[in-house]
Structures are given as C-alpha cells and as structure tokens.
Amino acid sequence: MNYLSVEQLSKSYNEQPLFNSLTFGISQGQKVALVGKNGCGKSTLLKIIGGLEAADSGHVVFRKGIKIGFLTQNPEFQNHLTVRNFIFNHDNELLSTVSAYEQFMEGDNPDVGSKQYMNLFNKMDMLSAWDFESQVKQILGKLGIHDLDAYVDELSGGQRKRVALAATLVEKPDFLILDEPTNHLDISVIEWLEKYLSTQSMSLLLVTHDRYFLEEVTNEIIEIDDQTIYTYKGNYSFYLEKKSERKSQEAMEVSKAKNLLVKELDWLRRMPKARGTKAKYRIDAAHDLMDVAAKDLNEDSLTLKINTKRQGKKILELSNLTKIYDGQKYLDGFSYIFKRKDRIGIIGENGAGKTTFLNAITGQIKLEGGEVDLGETTQFGYYKQEEIQYPVGTKVIDVVKEVAEVVKLSDGATITAAQFLNHFLFPHEMHMTPVVKLSGGEKRRLQLLRVLILAPNFLILDEPTNDLDILTMNVLEDYLSNFEGTLIVVSHDRYFMDKLTEHLFVFKGNGEIMDFPGNYSDFRNHQAQEQKGASNNKTLKAKDNEKKAPKSMETAKQKLSFMEKKEFKSLESEIGKLESQKEELVAKLNGGSADHEELTSWASEIETLTHQIEEKEMRWLELSEMD
C-alpha cells in the first residue's frame, strides 16, 4: 500500500539546482533514509514533502486519511509555552483527554469521587484511552520528560529536542518524517529511539548521519548524488556494498566511453567538407559519449595534512577540579594527567556537566576549587556545539582569511586561504558565497576548518558530527586517526566514538566521573555484564540468606510447590522461545511488506510478545528468590 508518491520533483536556489526530476514512492511500513553530501538538498526535500517549502516543479502526494508527523532539524517553539501545552497541543481528542486526565491525577489530593473525575474517567473509557495513556507515559519516561509544567524556552537544546520528539511520537503518526533526530540527544535516548522505531509499523523517512542508527532502523536507502537519486533496498551495510558496485560499474562505463570517443572524434574530424552528409544519429551519439566520458567519478576528500605544533612533556594536569552551579555539583574533586596522543571520549546524559568540564579545562569558566596546569607548548583547538554567528555579508573566504592568509602544511609547504578551502571541500565557486546561504553541514565544516587552521596540538571537539554528512565524517575520522596530538571528543555518535577513542570519561551526574578503559561498545558490554552479574548476585544472596536464616524464618518463608518448581524450570526455555519469535518478527517488520494488514499484525504481535517476556521474567525472578 503506497503512502507517499514523489513525482518529477525539482528545486533550485539562486539558479543553482539542488535536485532535478526526482521520482520515488514509500509504502506502508517502509523505513527509508535519505543520504548525500552536505548541500545536496536532503533537508530541503524533507521540507517540501512535509509541506513547509514549495518545489519549483513536480508533485508530492500522500495517501488520503493517513496521519503525518514531522520533526524538523531545529524545532521552533512559542515563547513561554509549557512542556505540557507543547506536547499535547494537538487537534486530537484522544491526546487532549489523556492530558486532562493526567493533569487531574497529578494535582494535590485529587478527588476521585468528584464529578470532574467521573467525566474524565468515562471519556477515557469511551475513547479506549487507557492503553494509549500507558504508551504516552512510556514515551515521555524514556525521553526523560518528567516536569510537564516547565517552560520550554528555559530548557537546554537537548531537552527541547526531546520535547519536540515526544510531541511528534505521541501523535502516533502513520507516516513519520525525521530530520537529524539524533542531534542533541544523549546516547541512551538514541538507543531507545532506535529500538522504538524499528518495532513500529509506521512508515518512516529520515535524514541522519548516525551509521549505527541507519544500520538498525532503515530497510531502504535513497542517495541524492549529482541531482539524481539512487535507491538501495536494504540497510546501511547493503547500501555501502551496492554503492561500491555502482561506482565500479560507472568507472568501467566512463573508461569505455573514453576509448570510443577517441574513435568517434577522429571520425568527426575527417573529411570536413563532407561533414554535412555525416549521419546525424552518429553525431548525437558522439556528444552523448562526451557527456559520459567527462563524468567526474572522484569523491571529494579532505586529504590535507595540517602542521601540528610539537608537544612538550607536560600536556595538561587537572587536580581536584570542583564546579557547582545553583547548588548542583558538576565536578567533584576530579583529577587526571593527560598524556601525548590520549584519545578520550566523554559520555553522559544531557546536563551531567560534559560541556562545563570542557569550558573549565580551557579556562572559560571559573572553578570553585582545584587547579588546571597547562603545559607551555600545549595549544587548544576547541570546536563548540554552538554555531558561530557571522556579520551579515560575510563570505566563505572571509572566514578563513580572518584567521590566516596562508596555511603551513606538515611537509613544510604553504598554501593560500583559497587553496585551503578547496582542500576542505569548498570549491572555488563557493568562496564568495555568503555564509548565511550555506547549509547547516557546510557551516559546521567551515567552523571546523577555523579550528584546524590554527594547527592545535590538543583538540577538543564538542559534538563535531552534528549536521555533517557521512562523507565528511569519514574524512574527519581519517584525519583524527592520524592526528599526533591529544584528543577529547564529546559525541552521541557511537560509531565515531568507537573508531577514535581509547578510553572514556563517563559523567554519571552530581560530579561523579568514571574513567573507563575502552571505547563506547566496550563500555556497553561492561554495563551488560554488570547488570547480569547484579542479577545473579541478587539470586545468590537470596539463597545464601535462606541458608543462614533461623528456623523460625525458614518456616515462615514460602517454599516452592511441586508445580511451581516445574514452572520455574520451564520459564527459561519459554523466555528464550518468545525472544526468538520477537527477533524474527522485528526482522520481518524491518524488511517491509506491501500488505498493510500483515504489517499491523506483526507490530501487534511484537507488542504482545514484549509484554509476555516481561511478565515471565518477573515471574522467574519471583520464583528464583523462593527456590
């Protein structure tokens, strides 16, 4: 069942075409990702599909009667609006009823015998809203939204993004459009969102640079390349494999066209007086060959090796750092001695103090206690989350010249600011472009350029992957892998962290920081082992306490009956079978289907299986403590 049809869609800005005659469709249950270079028009395409922007030509048609949700890259909020009003401010009777019921129950001493309560209760019954209420609570809880009376404009960027995401998800749309949904979210929320979207029957169209997210959620990739789209029926790994095959095939075609072109040009140049009698179809074919042979197959790449200032023996030493804001501890006696080529990743929930820590070690905020001892040769390069604001009329070339007219490379050679921009994926025709006209990713790349041009030997990158395309991220990863200085990275991008970091500072809140030896995947495996160990220890402790308990307690404690022992033995295999069934259904759902009823049935079965697994696990724990 087709939910979206895009036909012959074209869009240009200032006579510069973004894409031309795009045509594709998305069926019920399909989960599609748009990928492509920064500036190729991904966000613009989403806005056109979502009705926020007009195309130059073409049509966008949604199936009649379906509900559409759209989370933009930078959601807008009305001033002084509460979280509750923003999330439940929809023309949706079910949502408004759930909101009114929840607000009543959250009040001081709610009178459950009052007429107001009975009216709300009956309306919840009439709308069958009880299951929906529990789903809304789950979404808000997983997104860490607890204070519904807080004002949105007083929240941090990450909190506002979670509120906007919640408002989109609670609507339960049939077709969901997401533009960079993982930006400004902490990793735990991203992992929850990943699981949530992969088990829902809704159709999905998203733009994201998170490669783990693409791998787990999507079942189709649409790439925008050179104003054209290429469709790949599979997840991110499948896309990489098939794109490589496509590029190889194109290279063979270009090579063949070049060989044929030599012969055709020789034919065209012979007997000039008789040229008018030459077959027109052959002349046209020769021009077509010219187009193919002239095709540029080289991917843009950032291969520049910038000179890095040499580091001395002392890099940076932190002693007993303490920082408190409004009575809340963000650093509590933290100490660490940095070494040359340290590769440190920083993770933790939003608001745990990650950016505060970076501002503290770079001297941008004052500490309540402790000492920051910087080595004489250490030079910071600090890339911040906040986008730099430039005066109106500032051009791309001005941004570089403001920092340096020439740049020294690692081999001792020097290049001009314009040459430096070319290496940084800004071709000559973009140098005079006003910064305000750049895409979000292009602005981020320009901001990164300003940091690297100063040749720092201690790089601090606070969410450097936000808004960057995957190509730029691959190039940045290669550059950082060969970086000779010290590196600190704060990022929600798990792939990026896994590739570049060797140990982590884990911000646990209230000033507690754990130094973990390993990358993010190592840390997640460590957490899983700890949770498993804690569960086993709880069972062993219960058994040990039972052995040590006095006879009076033993007789008081309930013992397993014959049937309960039999139940206990069978639960583990039952849980395993249910989990296998759930995994098979999730795989089917991700694979998509043209049958709407089949997809809905799979999603319903997954939800049922999840509840059954939770109930059986709780029963297993209950019986294990009695065994």
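Visitor: Is Lys577 buried or exposed?
Guide: Happy to start there, with the note that this is a predicted model. Lys577 sits in helix α19 (residues 562-591). Its relative accessible area is 56%, and a residue counts as exposed when that value is over 50%. Lys577 is therefore exposed.

Visitor: How far apart in space are Lys577 and Ile613, C-alpha to C-alpha?
Guide: In sequence, 36 residues separate Lys577 and Ile613. In space, their C-alpha atoms are apart by 9.6 Å.

Visitor: Stepping back to the whole chain, what percentage of its residues is buried?
Guide: The chain holds 20 helices and 20 strands. Among contacts between residues at least 6 apart in sequence, 69% join residues at least 24 apart. Of the 627 residues, the buried share is 45%.

Visitor: Which helices are among those covering the buried residues of α3?
Guide: Helix α3 (residues 93-105) has 13 residues and reaches 18 Å from its first C-alpha to its last, close to the 18 Å expected at 1.5 Å a residue. Its buried residues are Leu95, Thr97, Val98, Ser99, Tyr101, Glu102 and Phe104. What covers them includes α2, α4 and α5.

Visitor: What is the handedness of the crossing of α3 and α4?
Guide: The axes of α3 and α4 (residues 115-126) come within 10 Å and cross at roughly 145°. From α3, Glu93, Thr97, Val98, Ala100, Tyr101, Phe104 and Met105 meet Gln116, Tyr117, Leu120, Lys123 and Met124 of α4. The residues in this contact divide into 8 nonpolar, 2 polar and 2 charged. As for the handedness, the crossing of α3 and α4 is left-handed.

Visitor: How is α3 oriented relative to α5?
Guide: Helix α5 covers residues 130-142, and its axis is 10 Å from that of α3. The packing angle is about 75°, and angles from 65 to 115 degrees count as roughly perpendicular. That makes α3, relative to α5, roughly perpendicular.

Visitor: Which residues of α5 does α3 meet?
Guide: The residues of this contact divide into 6 nonpolar, no polar and 3 charged. On the α3 side are Leu94, Leu95, Val98, Tyr101 and Glu102. On the α5 side, they meet Trp130, Phe132, Glu133 and Lys137.

Visitor: Which elements do the buried residues of α6 pack against?
Guide: Because 10 of the 13 residues are buried, α6 is largely enclosed by the rest of the structure. Among the buried ones are Gly158, Lys161 and Arg162. The buried residues pack against β5 (68-71), α2 (83-88), α5, β6 (175-179) and α7 (187-198).

Visitor: How are α6 and α7 oriented to each other?
Guide: Their axes come within 13 Å and cross at roughly 15°, while angles under 35 degrees count as roughly parallel. The crossing is left-handed. The contact is made by Arg162, Leu165 and Leu169 of α6 and Val189, Trp192, Leu193 and Tyr196 of α7. By their angle, α6 and α7 are therefore roughly parallel.

Visitor: Is Lys172, which has a positive phi, buried or partly exposed?
Guide: Lys172 lies in the loop between α6 and β6. Its phi is about 50°, although it is not a glycine. With 26% relative accessibility, Lys172 counts as partly exposed.

Visitor: And is Glu180 buried or exposed?
Guide: Glu180 is in the loop between β6 and α7, and its phi is near 50°, a positive value in a residue other than glycine. Its relative accessible area is 6%, and under 20% counts as buried. So Glu180 is buried.

Definitions and conventions: Residues numbered from 1 in each chain as written. Predicted model: local features only at pLDDT ≥ 70, side-chain atom pairs only at ≥ 80, totals over all residues. Heavy atoms only, no water. Axes fitted to C-alpha atoms, helices over the stretch in contact; angles between N-to-C directions. Helix = DSSP H or I, 4+ residues; strand = E, 2+ residues; numbered from the N terminus. Left-handed = near helix turned anticlockwise from the far one by under 90°. Contact = heavy atoms within 4.5 Å. Nonpolar A, V, L, I, M, F, W, Y, C, P; charged D, E, K, R; others polar. Parallel < 35°, antiparallel > 145°, perpendicular 65-115°, else oblique. Buried < 20%, exposed > 50% of the residue type's maximum accessible area, 1.4 Å probe, protein only. Expected span 1.5 Å × (residues − 1).
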